[in-house]
Amino acid sequence: MRSRIVAVAIPAVLVLGALVLAGCTAHPTDAYSKIAHLDQGTVLATGETPPIVPGIDSEIVRSSLRLLTVHEETEFWVGVTRDDDVCFIAESTLTGEQTEATCVDAERFGRYGATLQLESPEQRVWLHTEYMTVGSNWTEISANIAVRR
């Protein structure tokens, strides 16, 4: 009797494990693995309003959003989308409106990071991982963000 229970239980556990793993494949695992190479930042608190990214905000995984730094009245955020992209977001703290956002696929982000062109002041902002080299023409404003004017 015991061997019959084991014979039924083992396949059931294997099938359940396969179903759990299959459910995880839609999760943006590559993007999460890439942002793991960033400073931890501040996770979006319960009740806090996330940055608004027109056309993309509904695709961003809310629990992935992190505030990396605030510089010159602009908040710099990172998050991942359900499509496995990494989004770099700059939001003005004066108006609360989204200043700029770019989303790149996880592989590209892992190789090059992500850049934003801000309108005022006119500058390029680069979100880079810990293993990327920041050149002399860039000024670091936080552990993973550099600006070039």
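**View 1. Confidence along the predicted model.** Confidence in the protein is lowest in helix α1 (residues 2-24), with a mean of 43, and highest in α3, with a mean of 95. The score is pLDDT, the predictor's confidence in each residue, from 0 to 100. Helices (H or I, at least four residues) and strands (E, at least two) are DSSP runs, numbered from the N terminus. The protein averages a pLDDT of 81, and 79% of the residues score at least 70. Over residues 6-25, pLDDT stays under 50. For that stretch the model has two contacts beyond four places in sequence, a contact being heavy atoms within 4.5 Å. Where pLDDT is low, the predicted coordinates should not be read in detail.

**View 2. The disulfide of Cys-87 and Cys-103.** One disulfide is found in a search of the whole structure; the term denotes a pair of cysteine sulfur atoms within 2.5 Å. Cys-87 and Cys-103 form it, with sulfur atoms 1.9 Å apart. The pair links distant parts of the chain: Cys-87 lies in strand β4 and Cys-103 in strand β5 (residues 98-105), 16 residues apart. The link is right-handed, with 105 degrees about the S-S bond. Cys-87 is buried because its relative accessibility is 0%. Cys-103 is partly exposed, at 24%. Buried means under 20% relative accessible area, exposed over 50%, and partly exposed in between (1.4 Å probe, protein chains only).

**View 3. Ser-92 in strand β4.** Ser-92 sits in strand β4 (residues 85-92). Its relative accessible area is 15%, so Ser-92 is buried. The Ser-92 side chain reaches the backbone nitrogen of Leu-94 at 3.2 Å. A polar contact is a pair of N or O atoms within 3.5 Å; within protein, one must be able to donate a hydrogen and the other to accept it, and residues adjacent in sequence count only if both atoms are side-chain atoms.

View 4. What does Arg-111 form with Glu-107? The two form a salt bridge, the closest N and O atoms being 2.9 Å apart. The term requires a side-chain nitrogen of Lys or Arg within 4 Å of a carboxyl oxygen of Asp or Glu. A search of the whole structure finds one. Arg-111 and Glu-107 are four residues apart in helix α3 (residues 106-112), so about one helical turn separates them. Arg-111 is partly exposed at 48% relative accessibility, while Glu-107 is exposed at 52%.

**Notes.** Residues are numbered from 1 along each chain as its sequence is written, and side-chain values use heavy atoms, leaving out hydrogens and water. In this predicted model, local features need pLDDT of at least 70 and side-chain atom pairs count only at pLDDT 80 or more, while totals for chains, interfaces and linings use all residues.
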